[in-house]
Amino acid sequence: MIKNIWKDPVWSKVISVGIIGLISLAYARFISVTEHLTFQQALNKIIEIRISVIYIICGIISYWVLAWVIRNLLKKDNELYNKKQRELRKFNKHHEPKSGLLARWQVLFDYDTPFISDLSVFCTKHDGPPVRFMDNKCPFLDCPNSMQIINKEAIKNLIESDLIHKWDNLK
Ligand SMILES: [Zn+2]
């Protein structure tokens, strides 16, 4: 029952104000006794404290608003790409563990058609970080990926075909 009243937005506010009021009055009574003030003087003192609390709260809220505005002004990426484009831009790499090939790229848009740029292929058949291909093959001579040269245009075409398919299916 109390829980239901507390969840009600109007009642919870009324109760909060009531509780704060009661605490303030009790506190006024307390300092009027301990600091030898009249009850009215003690109450005035508390109201002064509460006004300074309101200033602090206003300060915090204006800081939040200002921070939010600045953050939104700095979000250049958001202006450049719409939501659907940002979603597709997340598909920017592909790893095939079997062949040890890792492809990375950037998704850009030609009007409403996605295409890729900065395609780099890496070999993951080695310890440590993936090794970038040189002359379209793995630079390590003892690696199976150094035996055959990859066709970058064909890989680019495969990736773009997949991206166009994903683009059509994105809502
Ligand atoms: Zn290799």
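## Fold and model

Read along the sequence, the chain runs through the pattern α-α-α-α-α-β-β-β-β-α, and its secondary structure comes to six helices and four strands, where helices (H or I, at least four residues) and strands (E, at least two) are DSSP runs numbered from the N terminus. The model is predicted, with local features needing pLDDT of at least 70 and side-chain atom pairs counting only at pLDDT 80 or more, while totals for chains, interfaces and linings use all residues. Residues are numbered from 1 along each chain as its sequence is written.

## Domains and overall dimensions

The chain is divided into domain 1 (2-74) and domain 2 (81-169), with bounds that come from an automatic or database domain assignment. Taken over C-alpha atoms, the centres of domain 1 and domain 2 are separated by 58 Å.

The radius of gyration of the chain is 33 Å, whereas a compact globule of 171 residues would have one near 16 Å (taken over C-alpha atoms, with the globule rule being 2.2 Å times the number of residues to the power 0.38). Along the principal axes, the C-alpha atoms fill a box of roughly 95 × 40 × 40 Å.

## Packing of H2 and H3

Helix H2 (residues 9-34) packs with helix H3 (residues 39-74) at an angle of about 125°, their axes being 8 Å apart; the axes are lines fitted to C-alpha atoms over the stretch in contact, and angles run from 0 to 180 degrees between N-to-C directions. H2 and H3 are therefore oblique to each other, the class left after under 35 degrees (roughly parallel), over 145 (roughly antiparallel) and 65 to 115 (roughly perpendicular).

In this contact (C-beta atoms, placed from the backbone, within 7 Å), H2 residues including Tyr27 and Ile31 meet H3 residues including Phe39 and Leu43.

Terms used:
Contact = placed C-beta atoms within 7 Å.
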